[in-house]
Amino acid sequence: MTAMNIIYISIEGNTRSFLKRMSTYATQQHSFNPKSPLLNLKEITEQTEPTNEQEPFFVFVPTYLDGGDGITSGFTEIMTNSLGEYIAYGDNPKKCLGVVGSGNRNFNEQYCLTARKYAKQFNAPFLADYELRGTSQDIEVIYDRLTKRWNDQ
């Protein structure tokens, strides 16, 4: 079984922390059941050159907006643009199996707005969300959802 590919951006380290913990969880699950996939993590930064992905992947993206309410005004993304450009490159949108978002629930309607926008823009399902660094339960639920989608492809 091949590893699930995850492409992400992590501005303040929350997404990176969540995915490292989820990778540890995946390794544990794989040791119990070899059919449980491992994770192949790829962090995108402003210095990352867009390339054509060869395999399907999931996207993890936090939300950072520039002022406003994110609905009627202020829907200017900041800091995650390099991830959006990477996904939009070549045939990459066709390989995107789904989007997972994170953010701060205190931001109400803006919570996971970037992930929902990416899901719509790249015609991929919005699969899950978690707040800030997530919980152990978030890791289990999201890993299970991704595994099911990965195996169904």
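This is a predicted model: local features need pLDDT of at least 70, side-chain atom pairs count only at pLDDT 80 or more; totals for chains, interfaces and linings use all residues.
Across the whole structure, a search returns 4 salt bridges. One of them joins the side chains of glutamate 43 and arginine 16, with an N to O distance of 2.7 Å. This pair ties together distant parts of the chain, as glutamate 43 lies in strand E2 (residues 39-43) and arginine 16 in helix H1 (residues 14-32), 27 residues apart. Both partners are partly exposed: glutamate 43 has a relative accessible area of 27%, and arginine 16 one of 26%.

Glutamate 53 is buried because its relative accessible area of 13% falls under 20%, while lysine 42, at 31%, is partly exposed.

A further salt bridge is formed by aspartate 91 and lysine 94, whose closest N and O atoms are 3.8 Å apart. Here aspartate 91 is partly exposed at 41% relative accessibility, whereas lysine 94 is exposed at 71%.

Turning to the backbone, most residues other than glycine have a negative phi. Asparagine 123, although not a glycine, has a positive phi of about 50°. This asparagine 123 belongs to the loop between helix H4 (113-121) and strand E5 (126-131), and is exposed at 74% relative accessibility. Leucine 132 likewise has a positive phi, near 50°. Leucine 132 is found in the loop between E5 and helix H5 (136-152) and is partly exposed, with 39% relative accessibility.

Note on methods:
Residues are numbered from 1 along each chain as its sequence is written. Side-chain values use heavy atoms; hydrogens and water are left out. Helices (H or I, at least four residues) and strands (E, at least two) are DSSP runs, numbered from the N terminus. Buried means under 20% relative accessible area, exposed over 50%, partly exposed in between (1.4 Å probe, protein chains only).
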